[in-house]
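Let's take a walk through a protein and see which side chains meet. Have the sequence and the 3D view open as you read.

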Amino acid sequence: MTDETRVPSRVFRPAKQDAETAKDITSSPQTEHPAYRLAFQDMDFLLREDLRPVRFQLELLKPQLLLDEAHIASTFVFYGSARIPEPDKAEALRALADTDQSKRIAERLIAKSKYYDVARELAAMTSNFPQDASGKRHFVVCSGGGPSIMEAANRGAADVGADSVGLNIVLPHEQAPNPYVTPGLSMQFHYFALRKMHFLLHARAVAVFPGGFGTFDEAFELLTLIQTGKVSPIPVLFYGKEFWSRVVNFEALCEEGVISPRDLDLFHFVETAQEGWDIVQDFWRDKTPTTSGRPRS
């Protein structure tokens, strides 16, 4: 064997090549029947109820490959309402309100519009975090990819010329990605469970802005995972103490004995972008990984 000898990395024809060849097959009753389709090109087959475990695997794998290829090692996740208006557009809500109740709701949403700017500012801060020695990117902004607080997060990253991730989900009503998500990192999910998993697999900090059922679902699942030790502690920032204290009586949960007083230390109430970013930096400063994957000082 000489120095010029080259051993091929593969000897089988690539699936893509066979897929192209399969398009040119001679038409016959056999080749036209669905049974003859290549399994990975047969949508009717892939969407069968029996194939749900395979679809789970695909929905877990595809986003992970995209993040790996983009050299994203960790993310800063933003949760929050899809209904809080951008400050410049907040007055439109007041104009549309035609009853006393809708006017009161409009006023409350307008009051929370300041968090759009806070989320945008925080996202710009975290997006400036430098790459590590191996070229991996950290604290990359990741949102649900939709409007309002999610848009503000992706927009903040775009303000400083940084990439950001958007994890959209198919809903009965159209939910298009906001225009600030990096196109190559704009992903769509069918399964809520897989989407929530991808939010947290790389999350090293989470900002929770005022929101509804979806925000509650995501935020309190994270707190439960940390509380039970399934996830190592990470900074969890609840923006808007007035809002969160009004809609969730955390102290009452302690008084009723259904959570421990120390569980209130799993998160921080914050108001400003700088305050939140300082907490995140203080948490991770001088921490190094251990063999268990948990950070240590």
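We'll go from aromatic rings to salt bridges, and finish with a patch of charge.

First, the ground rules: this is a predicted model, where local features need pLDDT of at least 70, side-chain atom pairs count only at pLDDT 80 or more, and totals for chains, interfaces and linings use all residues. Residues are numbered from 1 along each chain as its sequence is written, and side-chain values use heavy atoms, with hydrogens and water left out.

Let's start with the rings. Rings of Phe, Tyr and Trp (its six-membered ring) pair if their centres lie within 6.5 Å; planes under 30 degrees apart are called stacked, over 60 edge-to-face, and the rest tilted. By this rule there are 23 aromatic pairs. Take phenylalanine 78 and phenylalanine 209: their ring centres are 6.3 Å apart and their planes sit at 5°, so this pair is stacked. Phenylalanine 78 belongs to strand 1 (residues 75-79), while phenylalanine 209 is in the loop between strand 5 (203-208) and helix 10 (213-227), 131 residues apart. (Helices, H or I with at least four residues, and strands, E with at least two, are DSSP runs numbered from the N terminus.)

Now try phenylalanine 139 and tryptophan 277. Their centres are 5.6 Å apart with planes at 90°, so you're looking at an edge-to-face pair. Phenylalanine 139 is in the loop between helix 7 (114-127) and strand 2 (140-143) and tryptophan 277 is in helix 13, so the pair ties together parts 138 residues apart in sequence. Tryptophan 277 is buried, at 7% relative accessible area; buried means under 20%, exposed over 50%, and partly exposed in between (1.4 Å probe, protein chains only). Both pairs belong to one aromatic cluster, Phe76, Phe78, Tyr115, Phe129, Phe139, Phe209, Tyr239 and Trp277.

On to charges. A salt bridge is a side-chain nitrogen of Lys or Arg within 4 Å of a carboxyl oxygen of Asp or Glu, and the structure holds 16 of them. In one, arginine 94 meets glutamate 107 at 2.7 Å, N to O. That links helix 5 (residues 91-96) with helix 6 (residues 100-111). Another joins aspartate 159 and arginine 120 at 2.6 Å, N to O. Here aspartate 159 is in helix 8 (residues 149-159) and arginine 120 in helix 7, so parts 39 residues apart in sequence are tied together.

Which residues form a salt-bridge network? They are Arg37, Asp42 and Asp44.

Last stop: aspartate 278, in helix 13 (residues 273-284). At 33% relative accessibility, aspartate 278 counts as partly exposed.
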